[in-house]
Amino acid sequence: MKSKIDRKSFLKATALLGIGSIAFGSKAKGLFAEPMVYSVNDIKPKDGKYELPPLGYAYNALEPIIDAQTMEIHYTKHHQAYINKLNEAIDKEPSLKNKSLEELLLNLSSMPASVKSVIRNHGGGHWNHSFFWKSLKTGTNMGSSFSKLANSSFGGVEEFKSTFEKIAMGVFGSGWAWVILQNGQLKITTSANQDNPLMDAAAVPEMMPKVILGIDLWEHAYYLKHQNKRADYVKGFWNAVNWDEIEVLLK
Ligand SMILES: [Fe+2]
């Protein structure tokens with residue numbers, strides 16, 4: 001059996017090569033699939049409890065795209081609430097405390113019925129927001145790895161951006177738009193509520209080998225600043241993306 005480090009390196013390599021992702025995502029019932037590699041690696045309970053991860057920047061760091069009040073409420077109230085509910089669920093199923101959050105989401109269809117919906121909604125919420133915070137920073141520029149992929153996948157950076165904006169604007173109600181890397185190409189997908197591309201049981205159009213970027217399209221992410229103008233938030237999002245982090249993901 002491969003060591004954890006070897007397995008991760010192998011999975012990362014296969015994900016970047018666009019092979020093996022579906023194979024590792026499929027599983028015999030009752031077994032846990034091998035976890036894939038994401039930028040939010042192995043989120044696990046600490047002493048049996050999931051915890052709010054460090055934000056890494058001040059609440060006003062993303063002004064004016066995302067205002068400080070929204071950031072504080074989003075992080076300390078919304079994200080914390082997802083964590084609290086997730087902790088209540090794993091208290092009911094202590095065996096799950098030995099698994100990473102990625103493993104729970106990748107194996108959602110195998111979760112006990114008593115906690116499945118909580119893991120989907122609140123475990124998804126914890127992973128999505130943990131990933132989202134790391135994706136954000138002002139003052140960075142799109143790197144060469146991403147721009148090359150945008151060119152090969154969408155015919156150009158502006159074409160990629162306009163496609164992403166159109167798809168994000170088309171998400172009805174609460175959900176997320178995602179950029180994924182699959183078969184060596186960037187693709188854009190969406191999910192409702194707190195679903196994400198990791199979830200084998202979620203109604204996501206495409207399963208993904210690697211999550212590159214996501215935007216929170218719930219009104220709680222932008223309404224205080226932008227009210228009903230989701231387009232302002234989506235277009236402004238490009239100036240809040242941590243492009244340096246994305247280059248690291250693509251290495
Ligand atoms: Fe959110």
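Modeller: Buried means under 20% relative accessible area. The model discussed here is predicted.

Colleague: Why is Leu 86 called buried?

Modeller: Leu 86 has a relative accessible area of 0%. The cut-off is under 20%, so Leu 86 counts as buried.

Colleague: Where does Leu 86 lie, and which residues is Leu 86 in contact with, leaving aside its neighbours within four places in sequence?

Modeller: Leu 86 lies in helix α3, residues 68–92. With those neighbours left aside, its contacts are Tyr 50, Leu 101, Val 118, Ile 119, His 122, Gly 123 and His 126. Contact here means heavy atoms within 4.5 Å. For one of these residues, Leu 101, the C-alpha atom is separated from that of Leu 86 by 9.8 Å, and the two residues are 15 apart along the chain.

Colleague: What makes His 74, His 129, Asp 216 and His 220 donors of the iron ion?

Modeller: The donor atoms are NE2 of His 74, His 129 and His 220, and OD of Asp 216. They lie 1.9 to 2.1 Å from the iron ion. The limit for a donor is 2.8 Å, so these atoms qualify.

Colleague: Why is the site of the iron ion called irregular?

Modeller: The angles among the four donor atoms run from 92 to 137 degrees.

Colleague: How are the donor residues spaced in sequence?

Modeller: The spacing is H-x54-H-x86-D-x3-H. His 129 in helix α5 (residues 116–134) and Asp 216 in strand β3 are 87 residues apart, a pair that links distant parts of the chain. His 129 is buried, at 0% relative accessible area, and Asp 216 is buried at 0% as well.

Colleague: What does Asp 216 stand opposite, and how do you know that β1 and β3 pair?

Modeller: Asp 216 in β3 stands opposite Trp 176. Pairing needs at least two bridges; β1 and β3 (residues 210–216) have six, in the antiparallel sense, so they count as paired. β1 also pairs with β2 (residues 185–192) in the antiparallel sense, over eight bridges.

Colleague: What makes β1 mostly covered?

Modeller: Eight of the eight residues of β1 (residues 175–182) are buried. Gly 175, Ala 177, Val 179 and Leu 181 point one way, and Trp 176, Trp 178, Ile 180 and Gln 182 the other. In a regular strand the side chains alternate between the two faces of the sheet.

Definitions and conventions: Residues numbered from 1 in each chain as written. Predicted model: local features only at pLDDT ≥ 70, side-chain atom pairs only at ≥ 80, totals over all residues. Heavy atoms only, no water. Buried < 20%, exposed > 50% of the residue type's maximum accessible area, 1.4 Å probe, protein only. Helix = DSSP H or I, 4+ residues; strand = E, 2+ residues; numbered from the N terminus. Donors = N, O, S within 2.8 Å, 3.2 Å for Na, K, Ca; no water. Tetrahedral: all angles 85-135°; square planar, octahedral: opposite > 155°, others 65-115°.
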